[in-house]
Amino acid sequence: MAGEVTISARNVVKAFGQGAGAVRALDDVSVDIRQGEFFTLLGPSGCGKTTLLRLIAGFEMPTEGTILLDGTDISTLPPNRRPVNTVFQSYALFPHLTVAQNIAFGLEMLGKPGAEVKARTAAMLALVKLEAMATRKTSQLSGGQQQRVALARALAPQPKVLLLDEPLSALDLKLRKEMQIELKRLQLETGITFIFVTHDQEEALTMSDRIAVMSAGKIQQVGTAKEIYIHPKNRFVASFIGETNFLTGTAEAGALRLATGDRIDVPGMTPGGTVTVCVRPEQLRLGPAEDGAIKARVRTLVYFGTDTHCHLALSDGTEIVARLQSPASGDAGLAEGQEVGVTFAPGAVQRVED
Amino acid sequence: MSPAEDAVRQRSDRNGWLLVTPALVVLALAAILPLLVMLVYSFLAPGDFGNVEWEFSTDGWTSILFQRDIFDGTLSLADAHLTIFWRSLWLSTVTTLLAFVIGFPTAWFIATRPVQQRPIWLFLVTLPFWTNLLIRTFAILEVIRSEGLINSALMGLGVIEEPIQMLYTDGAVLVGMAYVYLPLMVLPLYAAIDRFDMRMLEAAYDLYASRWQALRRIVLPIVKPGIVAGSILVFVPSLGAYVTPRVLGGGKNMMIGNFIELQFGQGRNWPLGAALSMTLLIIVTIALLFYVRAANRPRADHG
Amino acid sequence: MAERFAINRLPGFTTIAVLAFLALYIPIITLVFFSFNAGKTVMGWDGFSLQWYAVAWGNVAVQEAAWRSVVIAFWATLIATTVATMAALGTTRRRPFRGQTAVYVAINQPLMVPEIVTAVALLIVFAWVKVQSGYQGLGYLILAHAAFCIPFAYLPIRARLEGMDLSLETAAADLYATPWQTFRRVTLPLLAPGIVAGAMLAFITSLDDVVITEFVKSAGQDTLPTYMLGQLRRGVTPEVNAISTALLGLTVVILTAFFLLTRERR
């Protein structure tokens, strides 16, 4: 069953404003989201991720392109006629209704019989472990509890897709970690497709089956957490997800020649032109300055507890960072100003587009 | 723009118009169209027993300032009319000043109370504002008339033998209007002072300003929008006042409002009354435009 | 011990403020006080008595005027609040439509135009309509009152709407509510305090009006305020004091309720 496409955006453009002042919040976006997966839209604020979510929910209509649900065009369907529910960033709980009334709202609007509404509301309250709060007003709940009500309310009508718009951003760190696990559990238990919007890369990496990294109204890369981290497609993805070092040089057969004259092995490289590669800081190895290693000088050492960050300068001034696991003594055995030789773990060097 | 987006937008605009239409109909019937009809009436000739004759005439407008000699038909300035205009402007201006002099310290006092006390003080200012204007005018009447509170108290104390005639004077109208419109001065002033950052006063004192200098050089310039708002809110209704001068000024100390009424009563000169009303409306509009300009003027914001 | 330098104290301000509050309330308190006087004047206190209330209550003209005031205020409030609620819904929380500024000006027009001007304009128009249609009833007063009550009803409703979280209605739509269901089940319940507050202000405003009523009413259509103004020829009688006090009491009650209602949302 996993693998079938549930939501499909085809060449979607969304422009706000008109004429010269128009802003393209989404610029020709196409993406397929599969049945039952936890799909995350990740990107900095203003990248268009929330706009895409709102288009899927039906709060906005695309300027161009279509949005398909199970193969049917739903681009112009109003939100109340789409089997898609949203968990809002602000939760948007109805302040004049109780917790149970909030959860029952969607079911009542769908005209479900009273007994079914009652049973499903009770089941939802149990699912999010809020049975004791059923008759409370939502303003009497803590932030975490409000979050659970918002989830239960959106899940109650058993939507085909659940949309979550940065739902954890208002919670403190500890609660956020708990809710991440909770969300994952709910997704597995219900089997519903989750589309999750966040700007927090760690949240995206830990929770998602697949991630779409967005920037400037475009999808930059779609893939699993590992694919995106290990094989970033371009400079933006590489720098947005985790820390990285960029090295630029001339392409040679199976290698890259840096301006310093050093040569880095890059399997599959073909000669011609200027090329950028990236290497994660934890993939750098420091050893004696000898042949086969790139010469560098230690600029500063910053102790982070588990790691020590070693800032290095190559002979042409290019700065790179190595992340070294701190030994038991805490002393990395390096001194500022020391000459070292840098090598890379096999397969750590990735070519990226600019 | 896609057709669907276009449709949503058009529906939104159409709904907006549909929703405001009933209000506009009521307002058109009982507030806006009558003003246009009155404009037409100001260019007609007066009927013998009130109302108008349907013939074009500018007499309504010219007789605002001039009177025609009955015998030779020459125009001369109508002194009685000018006196009424002058009194209206003068009384309204002094009322505004009086309300400011009393209202500013009052607003300052409220704004410097502890936060939880302020709503109570504000309520005390708002209550008289929402109380029937007529009742408040009657209340002032009780205080200043010959057998009223002040005269009774003074005579009781033996300060005076005979009651002082305070009622039916310009002073009575002035006191009455300042009393009646004071809350309209206090409320916008309070809003402005409430936004004022008291640390700026600390800075002023730190830089050797005296209290008076700090008030004049720092506080007043910054709360100026509130002062303008309060002044307009007092000046405009003062200029158009009808009840207060009628009750406290008696028949003699007329203001424009009473003069307009006279044209529709004993004066039987509807075109003149209509022209006077339009004149009042124009003056008020100018004052309001001045206010809008002052309120919208970009200023260095501090918040 | 030296007194702390009070930053926000300005010399004489507290004195003036206290005097201002006394000046605001002494006349009103005097008026209320003497409405309970057994004697006929304010020259002296002749003992507590409710006789002037009894006199006013027994006066057929007062009864009729009071009833007429309430009837006019009721209908004017109903009309003004309904159209103002719709107008508030039409002018907030959406892309401003072409001409919206003109709509604002129209709605607030009664606050800007001097009452006497509107009053004589209505006198002119209604005098003609009365002759043409032959209808002499309370409709003219109700229409006139409804018009000048609109801004008073509109402002608190609009304030409430603007303070409302737009995502609540989005959420309702997301949960399968049709636009009408969204309005009935979410918007209206949340807007209710604003509507009640607006209705209260409209009711007080209608109840208090003198000038426009004075010019629009046909013979024998006195409301309480115009009745009181008419009695002025005989000076302020203790009976008028009693009516004033009763109206004052009503205003205080409504206004207190208004403040509690609008404060609760913080």
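Chain B is divided into domain 1 (1–41) and domain 2 (87–296), with bounds that come from an automatic or database domain assignment. The C-alpha centres of domain 1 of chain B and domain 2 of chain B lie 35 Å apart. The model is a predicted one, in which local features need pLDDT of at least 70, side-chain atom pairs count only at pLDDT 80 or more, and totals for chains, interfaces and linings use all residues. Residues are numbered from 1 along each chain as its sequence is written, while chains are lettered from A and ligands numbered from 1 in the order in which they are written.

The predictor's confidence in each residue is given as pLDDT, from 0 to 100. Chain B averages 87 on this scale, and 97% of the residues score at least 70. Helices (H or I, at least four residues) and strands (E, at least two) are DSSP runs, numbered from the N terminus.

Two residues are in contact if their C-beta atoms, placed from the backbone, lie within 7 Å. By this rule, 71 residues of chain B are in contact with 72 residues of chain C. Helix 1 (residues 3–41) of chain B gives the most to the side of chain B that touches chain C, with 21 residues. That side divides into 52 nonpolar, 13 polar and six charged residues. Here Ala, Val, Leu, Ile, Met, Phe, Trp, Tyr, Cys and Pro count as nonpolar, Asp, Glu, Lys and Arg as charged, and the others, Gly among them, as polar. Between chain A and chain B, seven residues of chain A are in contact with five residues of chain B.

A nonpolar core is a set of buried Ala, Val, Leu, Ile, Met, Phe, Trp, Tyr and Cys residues joined through C-beta atoms within 7 Å; a residue is buried if 20 or more other C-beta atoms lie within 10 Å of its own, exposed if 12 or fewer, and partly exposed in between. The largest core has 155 residues, and Val120(C), Leu122(C), Ile150(C) and Ala153(C) have the most contacts inside it. Helix 7 (residues 170–195) of chain B supplies the largest share of this core, 18 residues. Apart from this core lies another, of 98 residues, including Val87(A) and Leu168(A).
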